[in-house]
Amino acid sequence: MFVKRVLLLAAVLMLVVVMVACSSKLPQKAVSPGGEAVMSATEVSAVAAGSTPAATAAAPASGGATASPMAEASLSQAAVASPTATPAASHVPSATAAPAAERIVPRTDKLVMIDPGHQRVGNNEPELVGPDTRETKAKVSSGTVGVRTKKPEYVLNLEVSMLLKAELLKRGIPVTMTRETHDVDISNKQRADMANDEGAALVVRIHADGDSSASTKGFSVLYPSPSQGATKPIAAESRQAAGLLLAGLQQSTGTKGRGLSARDDLSGFNWSKVPVALVEIGFMTNPEEDELMSDAAYQQKLASGIADGIEQFLNGK
Ligand SMILES: [Zn+2]
């Protein structure tokens, strides 16, 4: 009798085990064509995965030279943002493995595009300043130059932009760049199109200023004018982002700067369909500020302050 009971119990247990095994296998098989990892992954990885084709698609329009920095940016973004998509990469932390302090935790699925202003060689071909004007401007100028450092603006812009990129990635914010080298040929409209194609949550353009007076100095943040028809849909959010960027810079540098400025004459604004702001980090025509902007510690302050503003903007969205 006892033996029979044990056998019966064993049989029931086996049946349960088989049923559990089957039921856990079935759904896995059912969703596997769609990719379980993709379905259950965070929205961040969806953005990261989605940005790769967009970047590839944008490459022909923006010239072959841009393909490599874009692809690079997408790759680094994917590495940070989608741990489930790259199980082979052992350095990518899993959701539970590493201690919290060492992990890069994606805080947002909102992609930020950084546009380091200008490039080694400007392009003076005319380009429409916006979709609702016949006015044209040079596709992209070569920018200003440091009165004391003799550094071209495009070099300084990229230095600060790369620090900003690192700062954002450290905070788990997905980043893509319009350029990571000087040898590109990307017009200001094309830079805006890149952000539109990627569906960026915010574009931050990094520039440095120049003036006829050597005494003019200080950072400022530009945003699309709300009176400009083409940028009406993004004006309020852009203005909000600009305010947060300015506050971040004021905090990190301990200086007031020159404030905010609404602009309706910038192609990079007028072609944008996503919120955009432009940081003029200071005046290269002011000898002291020119030197300061090439100081490593000050550059890091600029990057941290801008990143603080970006993070606050994203958190508020
Ligand atoms: Zn500039």
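In this predicted model, helix 7 (residues 232–253) lies across strand 5, strand 6 (220–224), strand 7 and strand 8 (276–283). Helix 7 runs at about 175 degrees to strand 6. Helix 6 (residues 188–198) lies across strand 1, strand 4 and strand 5. The angle between helix 6 and strand 1 is about 170 degrees.

These strands belong to an open sheet of 6 strands, in the order 4-1-5-8-6-7. The pairing is mixed. Strand 4 (175–177) and strand 7 (259–263) form the edges, and each pairs on one side only. From one strand to the next, the twist averages 25 degrees. Strands of a sheet pair through backbone hydrogen bonds, either parallel or antiparallel. Strand 1 (residues 112–116) and strand 5 (residues 202–209) take the parallel sense, with 5 bridges between them. Within this pair, Ile114 has Val204 of strand 5 as its bridge partner.

Thr149 sits in the loop between strand 3 (136–140) and helix 5 (153–170). Thr149 counts as partly exposed because 16 other C-beta atoms lie within 10 Å, whereas a buried residue needs 20 or more and an exposed one has 12 or fewer. Beyond its neighbours within four places in sequence, Thr149 is in contact with Asp290, Glu291 and Ser294. Thr149 and Asp290 are 141 residues apart along the chain, yet their C-alpha atoms are separated by 6.7 Å.

Across the protein, the secondary structure comes to 10 helices and 8 strands. Of the 317 residues, 41% are buried. Among contacts between residues at least 6 apart in sequence, 80% join residues at least 24 apart.

Key: Residues are numbered from 1 along each chain as its sequence is written. This is a predicted model: local features need pLDDT of at least 70, side-chain atom pairs count only at pLDDT 80 or more; totals for chains, interfaces and linings use all residues. Helices (H or I, at least four residues) and strands (E, at least two) are DSSP runs, numbered from the N terminus. Two residues are in contact if their C-beta atoms, placed from the backbone, lie within 7 Å. Two strands pair if DSSP finds at least two bridges between them. Axes are lines fitted to C-alpha atoms, for helices over the stretch in contact, and angles run from 0 to 180 degrees between N-to-C directions.
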